[in-house]
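Here is a note for a colleague who is meeting this model for the first time. The points below may be read with the sequence and the coordinates side by side.

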Amino acid sequence: MSFSAITESGSRALLLLRQAQNIGQSRLDSRGNSDALSTRPSIIYGGSVSSDGTNPVEAIREILRNSRAENIPAVASASGQASLQNALERFAASTLDVKIEVGGQLFTAAAAGALGDKNIGFITDFADQLVTNDEEALAKFGEILEQSAARGSRSLANDIFYDAYRAGNVELVAASEFGIETDRTKTFIFSADGTFFGSRAQSNNPAASRAIGELYETRFLLQDDGTRIDVETGRHASYVYFGGRDYFAFINPPEDT
């Protein structure tokens, strides 16, 4: 689904769906693991109230007030809320889940308006780097190849793919087409006084998902020059992840000169 295809009602439905999916999640530690010993329940927000009936914006504001910080950020302005909504739609279109952690408690990013415009900016800046459709993905892939080509220590595989991209001969195929599914979450971390502490990324491959290593051993075989060849089509193949999406990139091998 492209970014432009997400309607306001669709976004609302997505948030409510995430509320239902996230009920019962536990607090996560700094490595993204469940913390079964935590005595502070997580508040997962996917609509107007959290899973325990608490208004999530008020819950975050209480965390900020309890920190006794001298400068507590104001609640986001209308323009800040609009920017946040735009960012959430980009995350949804990229299939990358997003959450915020405030003072050790976990919320979905729809409640980030409680942290103010400046803090929303950290989320929207990252969302701007995401790709929301295959056309954006191909353009982004070209940017990455060009940046790598400008470095002196680039690989032969990068040169081959960059030349093919400039010639218009690169095809991106979603990794899911080959049975590879990856659930990814980006969590933006804020202290109890609303200070941005950075972010963490988590990924998980469902049990039914095929492993990339399996494809590398059976179909996309490594060559002596460091490239991989798809034994079924004879094309060069490379697994790539960027902008919140997973792809395999394919090109025809260059002709011998």
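1. A residue is called buried when its relative accessible area is under 20%, exposed when it is over 50%, and partly exposed in between, with a 1.4 Å probe and protein chains only. The model is a predicted one, in which local features need pLDDT of at least 70 and side-chain atom pairs count only at pLDDT 80 or more, while totals for chains, interfaces and linings use all residues. Residues are numbered from 1 along each chain as its sequence is written, and side-chain values use heavy atoms, with hydrogens and water left out.

2. As an overview, the protein chain has seven helices and nine strands, where helices (H or I, at least four residues) and strands (E, at least two) are DSSP runs numbered from the N terminus. Of its 257 residues, 46% count as buried. Among contacts (heavy atoms within 4.5 Å) with a separation of 6 or more, 63% are between residues 24 or more positions apart.

3. Helix 3 covers residues 78-94, and its 17 residues should span 24 Å at 1.5 Å a residue, which agrees with the 25 Å between its end C-alpha atoms; the expected span is 1.5 Å times one less than the number of residues. Its buried residues include Gly 80, Leu 84 and Phe 91.

4. Arg 68, which is not a glycine, has a positive phi of about 60°; Arg 68 is found in the loop between helix 2 (56-66) and helix 3 and is exposed, with a relative accessible area of 77%. Thr 95, which follows helix 3, has a positive phi near 75°; Thr 95 is found in the loop between helix 3 and strand 1 (97-102), and at 57% relative accessibility it counts as exposed.

5. Strand 4 (residues 183-190) and strand 5 (residues 196-204) run antiparallel and are joined by eight bridges, two strands being paired if DSSP finds at least two bridges between them. Phe 188 stands opposite Ser 199 in strand 5. The hairpin has five residues between the strands, and there Gly 194 takes a positive phi near 90°.

6. How many aromatic pairs does the count come to? Rings of Phe, Tyr and Trp (its six-membered ring) pair if their centres lie within 6.5 Å, and planes under 30 degrees apart count as stacked, over 60 as edge-to-face and the rest as tilted; by this rule the count comes to 14. One of them joins Phe 141 and Phe 161, whose ring centres are 6.4 Å apart and whose planes are at 70°, so the pair is edge-to-face. Phe 141 lies in helix 5 (residues 134-149) and Phe 161 in helix 6 (residues 156-166), so the pair ties together parts that are 20 residues apart in sequence. Phe 141 counts as buried at 5% relative accessibility, and Phe 161 is buried with a relative accessible area of 6%.

7. Phe 242 and Tyr 247 form a stacked aromatic pair, at 6.0 Å centre to centre and 20° between the planes. Phe 242 is buried, with a relative accessible area of 6%, and Tyr 247 counts as buried at 2%. Elsewhere, one aromatic cluster is formed by Phe 91, Phe 122, Phe 126, Phe 188, Phe 190 and Phe 196.
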